[in-house]
Amino acid sequence: MLTETELTVVVMGLGYIGLPTAAVIARTGARVLGVDVTESVVETINSGRVHIEEVDLDGLVSGVVARGTLRASMTIEPADVFVIAVPTPFDDDHAPDIGYVLNAATTIAPVLKPGDTIILESTSPVGTTEQVRDLLAKLRPDIRVPGRAGEQADIAIAYCPERVLPGRILVELIDNDRVIGGITPRCARKALTFYRRFVRGACVTTTARAAEMTKLTENAFRDVNIAFANELSLIADTMGVDVWEVIRLANRHPRVNILQPGPGVGGHCIAVDPWFLVHAAPDQTPLIRTAREVNDGKTDHVIAQVAALVESMPGAPVACLGLAFKANIDDFRESPALKVAQAVAQAFGDRVRIVEPYARTLPAALAQTGATLVDVDTAIETCPIMVVLVDHDVFKSIPLEERADKAVLDTRGIWPDQPRPVISAAARSGSQRQPG
Ligand SMILES: NC(=O)c1ccc[n+]([C@@H]2O[C@H](COP(=O)([O-])OP(=O)(O)OC[C@H]3O[C@@H](n4cnc5c(N)ncnc54)[C@H](O)[C@@H]3O)[C@@H](O)[C@H]2O)c1
């Protein structure tokens, strides 16, 4: 049995998931090496700083780096446990790309030794953990891999997905329940022993394939339910009814719990992972596919609404409030707010003012359009049109008297007291017309 100080851990990929995970494990006293392919990431962490915004992460990282329990490198070293947390994007046809995962496994292969545990945390299509196993078997024929050598395997391989909420990652890494899927039951038990070092939530073991599908199922569930809310918002627009009020009232039913509509669905998880299921079983997933299409279509609908509003007030500056994919974070990946702001800025150029407290500069695609980044006070002073795209706390705190005379399009429902905006019939009818 390993003592606390003897355990060595390598975390592959030091992004939103890998860095907090590495830091939390390092806090337990294990010696953690974070490996990343990006030099600036490695340098930043070794200097005790962080390259991503996450509550309390800076203090934790500077502490464990100062204690010497967390180091970063571009070069792999031997370890007892390898955790893989690299990206799993999709291509233009929505086919999952597990190339980063297989690259990380290829990097690990030369330093593997009997007794090691490899855990994949990246959100992955069903069967990916087995592909990692097959790759390692090919690269290291001297090592007996699980599922082929029965329980006589030299190493353990498991899948354990992440389900943390950005902004609460350090809390949820500890408190959330974990699903741990082993290639074999023995693999699952080995991985379970590892997670027990830092997880307070329940750790439930299963097969690798079931754990992979569980993660995809969770995000498809969220996507389908958000699509329902977004579809309601389109219906309500057409009917001239306040969707927020309808949802609030419907949710008084003891068995109804409708989610909130918005300008679409973003982020690296919910907007991406359902496609992994659709790609794997295209004939069995009409609902999941349609939900994706409804949520993406909502973004087009909002773009058309904003365009109609801006065109109805010639020359007036418009403030787009927020670019992040959800409230109070600096993550713009797959963000519908960013897509709306980009489309509006391309159509209306220097009339567009962007407010994003989590950005120091505008993303390149926006900067080229003539749009400018301003603070919230400047936007209130100079923009008669305001479009709420993200429910950041700082936007929620703007009182009615500072916005009562504005033409407002509130895609997040954060200002229920706002007098209803005058939106042209074309936009109200849900026309998919694009600006330009
Ligand atoms: N961000 C979230 O909230 C979240 C939540 C649950 C699951 N996930 C999943 O976790 C995985 C990682 O996501 P993320 O948000 O941390 O990504 P990220 O892009 O923030 O970080 C990934 C890091 O991996 C590095 N990397 C790429 N290839 C590498 C390799 N071969 N070896 C070492 N490092 C490599 C990149 O340089 C980057 O720093 C994805 O599969 C994602 O779907 C993310």
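Is Val 246 buried, exposed or partly exposed, and what is its relative accessibility? Keep that question in mind while you move through this predicted model; the answer comes at the last stop.

**Stop 1: the largest nonpolar core.** Start by selecting Val 9, Val 32, Ile 45, Leu 70, Phe 194 and Tyr 195. Among the 40 residues of the largest nonpolar core, these touch the most other members. Now color the elements that each supply two or more residues to this core: strand 1 (8-12), strand 3 (70-73) and strand 4 (81-84), together with helix 1 (18-27), helix 2 (39-46), helix 3 (57-67), helix 6 (169-175) and helix 7 (185-195). Helix 1 gives the largest share, six residues.

**Stop 2: around Tyr 195.** Center the view on Tyr 195. Leaving aside residues up to four places away in sequence, Tyr 195 touches Ile 119, Glu 121, Cys 160, Arg 178, Ile 180 and Cys 203.

**Stop 3: helix 4.** Next, show residues 99-108, where Val 101, Ala 104, Ala 105 and Ile 108 are buried. These four sit on the same side of helix 4, because they cover an arc of only 100° around the axis. Their cover includes strand 1, strand 4, strand 5 (117-120) and helix 5 (128-139).

**Stop 4: a surface patch.** Finally, select Ile 235, Met 239, Val 241 and Val 246, a nonpolar patch on the surface with about 340 Å² of accessible area together. Val 246 belongs to helix 9 (residues 243-250). Here is the answer to the opening question: Val 246 has 38% relative accessibility, so it counts as partly exposed.

How values were computed. Residues are numbered from 1 along each chain as its sequence is written. This is a predicted model: local features need pLDDT of at least 70, side-chain atom pairs count only at pLDDT 80 or more; totals for chains, interfaces and linings use all residues. Side-chain values use heavy atoms; hydrogens and water are left out. A nonpolar core is a set of buried Ala, Val, Leu, Ile, Met, Phe, Trp, Tyr and Cys residues joined through side-chain atoms within 4.5 Å. Buried means under 20% relative accessible area, exposed over 50%, partly exposed in between (1.4 Å probe, protein chains only). Contact means heavy atoms within 4.5 Å. The arc is that of the directions from the helix axis to the C-beta atoms. Patches are made of residues with over 30% relative accessible area and no salt bridge: like charges are joined within 9 Å, nonpolar side chains (Val, Leu, Ile, Met, Phe, Trp, Tyr) within 5 Å. Accessible areas come from the Shrake-Rupley method with a 1.4 Å probe; for residues, only the protein chains shown count as cover. A salt bridge is a side-chain nitrogen of Lys or Arg within 4 Å of a carboxyl oxygen of Asp or Glu.
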